[in-house]
Amino acid sequence: MKIFTYYTPEQVPIQDQPDCAVVIDVLRATTTIATALKHGACGIRTFADFDSLNQAALGYAPGTCLKAGERGGKEVPGFDLGNSPFEYTPERIKDQWILISTTNGTRALSVAQKATVLITAAIVNLDAVRIFLKDRDFATVWIIGSGWEGAYSLEDTVCAGAVSLELGQAGNDETIAAQALYQQWQGDLLGLLKQASHGQRLLGLGLDRDLAYCSTPSSIGLVPLRHPDGYLSGHLI
Ligand code: 3SL
């Protein structure tokens with residue numbers, strides 16, 4: 001297995017195609033997606049913008065889908081859910097389709113669409129993702145961080161290092177650097193999120209408990225996996 005890490009969606013060589021793409025947005029899209037699937041959502045459809053999301057919502061019978069997302073960490077007026085994993089309780093989302101658009105996470109998903117297999121990862125489902133990748137032994141894996149509006153993100157890079165460590169051969173220097181960063185921070189992932197610029201932004205919004213949740217390793221034993229129909233479904237490990 002040869003692993004290539006891209007810190008932002010902008011770095012991804014979209015003319016190529018890996019056997020598997022792993023999209024990461026620790027704060028908070030891929031953490032929230034894993035949580036929603038664990039709590040019984042039918043599936044997650046991701047959208048780069050609100051217009052296409054609103055259009056798609058018209059195709060669902062009333063009461064069967066929830067519109068979700070954020071911009072700059074804040075809720076979207078008129079939507080059912082924001083992007084905090086704490087909103088995605090079983091009572092709220094069980095047997096519902098979730099249509100979601102976020103600032104960076106859903107953009108990262110859109111550049112990975114050509115991959116043969118597409119999954120998402122976060123700290124909360126780290127072990128499940130490692131097992132999924134190890135079992136399948138793909139020839140090429142791309143790990144894609146969502147970053148923040150085109151810029152590097154510390155927490156996605158550390159998670160990329162955690163996913164790739166001991167998994168295969170590094171295909172680029174970014175993979176080696178991500179692994180070194182994970183080795184430095186693995187004992188204090190909450191401390192890392194608190195120092196990261198987007199962590200600071202969320203702390204400024206009073207979302208301290210989101211950081212604690214997003215930094216807890218492997219509390220969720222499933223992998224969000226793209227279904228042939230395009231939505232993310234929960235693959236239990
Ligand atoms: O950028 C994203 O996709 C979001 O996850 C950002 S936030 O944590 O919801 O603010």
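## Basis

Residues are numbered from 1 along each chain as its sequence is written, and side-chain values use heavy atoms, with hydrogens and water left out. Because the model is predicted, local features need pLDDT of at least 70 and side-chain atom pairs count only at pLDDT 80 or more, while totals for chains, interfaces and linings use all residues.

## Overall fold

The chain holds ten helices and eleven strands. These are DSSP runs, numbered from the N terminus: helices are H or I with at least four residues, strands are E with at least two. The radius of gyration of the chain is 16 Å, close to the 18 Å from the globule rule for 237 residues, so the chain is as compact as a globular protein of that length. That radius is taken over C-alpha atoms, and the rule is 2.2 Å times the number of residues to the power 0.38.

The C-alpha trace spans about 50 × 40 × 30 Å along its principal axes.

## Ligand site

The ligand is surrounded by 14 residues. Asp25, Arg28, Asn83, Thr102 and Gly105 are the closest. A residue counts as near if one of its heavy atoms lies within 4 Å. The shell has four nonpolar, seven polar and three charged residues. Here Ala, Val, Leu, Ile, Met, Phe, Trp, Tyr, Cys and Pro count as nonpolar, Asp, Glu, Lys and Arg as charged, and the others, Gly among them, as polar.

The protein covers 100% of the 290 Å² of accessible area that the ligand has on its own (Shrake-Rupley method, 1.4 Å probe).

## Backbone features

Most residues other than glycine have a negative phi, and most peptide bonds are trans.

Arg28 lies in the loop between strand E2 (20–24) and helix H1 (29–38). Arg28 is also among the residues closest to the ligand.
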